[in-house]
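User: I'm new to this one and would like a close look at a single part. Here is what I have open.

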Amino acid sequence: MSATCHDTQDHVELKPEFVAHADELISHYPVSKRSASLPLLHFWQETHGYISNQAVEWIAGKLGLNPIQILELVTFYPMFRQHPAGKFQIKVCRTLSCQLGGAYELREHFMKKLGITKVDEHGLGISADGKFSVEFVECLASCGTAPVIMVNDDFYEGVSHTQADELLQKYN
Amino acid sequence: MPAPAEYRLVFKHIDEPGYTNDIECYLRHGGYEQLKKAFTMKGPDIVNEVKASGLRGRGGAGFACGVKWGFIDPTKNTKPVYLICNADESEPGTFKDRQIIHKDPHQLIEGMVIACYANNVHLSYIYIRGEFPLGAKILEKAIAEAKAKNFLGKNILGSGYDLEIYVHRGAGAYICGEETGLIESLEGKRPYPRIKPPYFPAVLGLYMCPTIVNNVETLCDVKHIIAMGGANYAKIGKPNNTGTRLIGVSGDVAKPGYYEFEVGSLTLGQLINDVCGGIKNGRKLQAVIPGGSSSKVLRAGEKYKIKEKQADGSMIDKEIGLEDIPMDFDTMAAVGSMSGSGGVIVIDDSRDIVSCLANLSEFYAHESCGQCTPCREGSLWMKKITRRLADGHGRLEDVALLKSVADNIAGRTICAMGEACSWPVQSFVAKFKNEFEAKGRAGKGPAVAATNGH
């Protein structure tokens, strides 16, 4: 039985470089291929945007696992997505030191600027043009420079509302 | 008394002008010299130096590193031994390992190679939290550089010793900082912590083999122990609280940041007032969370009874205030909290203390792995109750209810997450009872439906 997840993406053709890099990642785990589950999930999401049904099946096949053994990771680990998020994903740290530093107001500012009024069950909101998504994440370990955010893999500290506006321009 | 000067050992080159994270810069600053020195020693001798140093783990629990290593006797078991660097730094308030990973990665690699050599480890992983993508890239580059110079790989520096280190990224789950959860995660599973006994990592760890899990800072300390010798390292700090400690201060202070001090050399008051410039905007101190969000909160104006050792070895009873608490493992435990992961969160008197707890309770509810019922259900209830109190929809009975939920989690779970989520609740409610009750009394009845389905 195949694992079920909400698949909205067309089937993607995997490039030879993609497969070669996946094999390289698997080689880091000479004792157990299963250990490569998280690295392959990260790599798939970085390349294709989110974890589709195809991703679950392909990674499971690659590692000799049942698809459920991959799907149960996708549903557990907060960083993996089963739906596309924005092209630029704004993650605002929510936890105490950042709250004291104005994280809630900062998230609100992003939401307003981007006209996002609705969030999904994980608290993710996407702008109408699909360019930006905004979400809270838990402690990003830079509490001394609150509030901190990530935009995709880039990290920003002590973000004022003015800087927030500049970032929306920068990633446009 | 003014605060003592910083004692920068692990942070020696952090933020030094011109210091970069590449191997050439590291080598210009004496890098990998301690590895060469370690290779002139036998593994068990290195373990003995670490034991003599008194080094206690810097991840949060403060367990003696040499003792942890001593649980593994490579001469007596036939299985391979693994070492994992815990770079999952996710305890709210903690941001020290990030500095090392980003700015001085080779210090960590050198410490790891020494630790691996000492314990006869040939395969090792750095488990880094998923939210550090740049940190993971920096470590991968550092590993490649070290390999190219033969500080890693086959027959390291002609010693006949082989070691591979790989970087393994987590994916946003706090529970992966718990060492057995981390091991499950590294095996490609959900990070459900394992029950101990029998699954002590030293016996049945990664792939059911003996495994050492050490924090980033702890492994860096190993390098300095080799440099100065265990006995000399033990002279830094205080007995049973040796060495230096990386401390991160955040929240309502004028100068938040990361610092390194001899363990116990300064008081909490000196840290807040002298080092961090005091409470910002002229406000007053309300509370301090002294060792990461799981540590029990300390309230301004509290008095603590501690025992102090005198020069002649006798013990005397002493009463001290919050600002007089020396920043060491044992005194922090004696005042009912812990120095944990070295993350100090300062809260000023303008803050709504109930909202502060609601924030932390939301964190723990999000991060409970769900394996044990008391933690899974309890953390969720604590989040809901603190949230409704904070938002003005609570009831007076909620205060006792909150305490009752917290009291029924700790000690009833597989891992320390049960304590981690209930200690903040227990301590906040006990120490700020009036504030919680006032919120309950002022409650305006139940809120209409929650907005985002949580």
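How many helices and strands make up the secondary structure of chain A? And once that's clear, please walk me through the side of chain A that touches chain B.

Analyst: Before we start, keep in mind that this is a predicted model. The secondary structure of chain A comprises seven helices and five strands. Read from the N terminus, they follow the order α-α-α-α-β-α-α-β-β-β-β-α. The C-alpha trace of this chain spans about 50 × 35 × 30 Å along its principal axes. Chain A has 172 residues, and 56% of them count as buried. If you take the contacts in chain A with a separation of 6 or more, 62% are between residues 24 or more positions apart. As for its surface, chain A exposes about 7900 Å², with carbon and sulfur atoms supplying 51% of that.

Now to the side you asked about. Chain A brings 42 residues to the contact, and chain B brings 59 residues. A handy way to think about such a meeting: the size of an interface is often given as the accessible area lost when the parts come together. Here the area buried between chain A and chain B is about 3900 Å², and carbon and sulfur atoms give 59% of it.

Between chain A and chain B, 19 residue pairs are in polar contact, counting pairs with both residues at pLDDT 80 or more. Which elements of chain A each put at least two residues on this side? They are α2 (37-48), α4 (67-74) and α5 (96-100). The largest share comes from α2(A), with five residues. By type, the residues on this side of chain A divide into 21 nonpolar, 14 polar and seven charged.

Charged partners also meet across the interface of chain A and chain B, where there are two salt bridges. One to look up is between the side chains of A:R94 and B:E362, at 3.5 Å from N to O.

For some context, a search of the whole structure turns up 41 salt bridges over all chains. Within chain B, the side chains of B:E178 and B:K196 form one, at 3.4 Å from N to O. B:E178 sits in the loop between β3 (164-169) and α8 (179-186) of chain B, while B:K196 is in the loop between α8 and α9 (201-204), so the pair ties together parts 18 residues apart in sequence. B:E178 counts as buried at 14% relative accessibility, whereas B:K196 is partly exposed at 31%.

Another example is B:E437 with B:R441, whose closest N and O atoms are 3.7 Å apart. Those two are four residues apart in helix α18 (residues 433-441) of chain B, which means that about one helical turn separates them. B:R441 counts as exposed, at 56% relative accessibility.

To come back to where we were, A:R94 and B:E362 belong to a network together with A:E138, B:R387 and B:D391, joined by salt bridges that share partners.

Notes. Residues are numbered from 1 along each chain as its sequence is written. Chains are lettered from A and ligands numbered from 1 in the order in which they are written. This is a predicted model: local features need pLDDT of at least 70, side-chain atom pairs count only at pLDDT 80 or more; totals for chains, interfaces and linings use all residues. Side-chain values use heavy atoms; hydrogens and water are left out. Contact means heavy atoms within 4.5 Å. Buried area is the accessible area (1.4 Å probe) that two parts lose on being put together, summed over both. A salt bridge is a side-chain nitrogen of Lys or Arg within 4 Å of a carboxyl oxygen of Asp or Glu. A polar contact is a pair of N or O atoms within 3.5 Å; within protein, one must be able to donate a hydrogen and the other to accept it, and residues adjacent in sequence count only if both atoms are side-chain atoms. Ala, Val, Leu, Ile, Met, Phe, Trp, Tyr, Cys and Pro count as nonpolar, Asp, Glu, Lys and Arg as charged, and the others, Gly among them, as polar. Buried means under 20% relative accessible area, exposed over 50%, partly exposed in between (1.4 Å probe, protein chains only). Accessible areas come from the Shrake-Rupley method with a 1.4 Å probe; for residues, only the protein chains shown count as cover.
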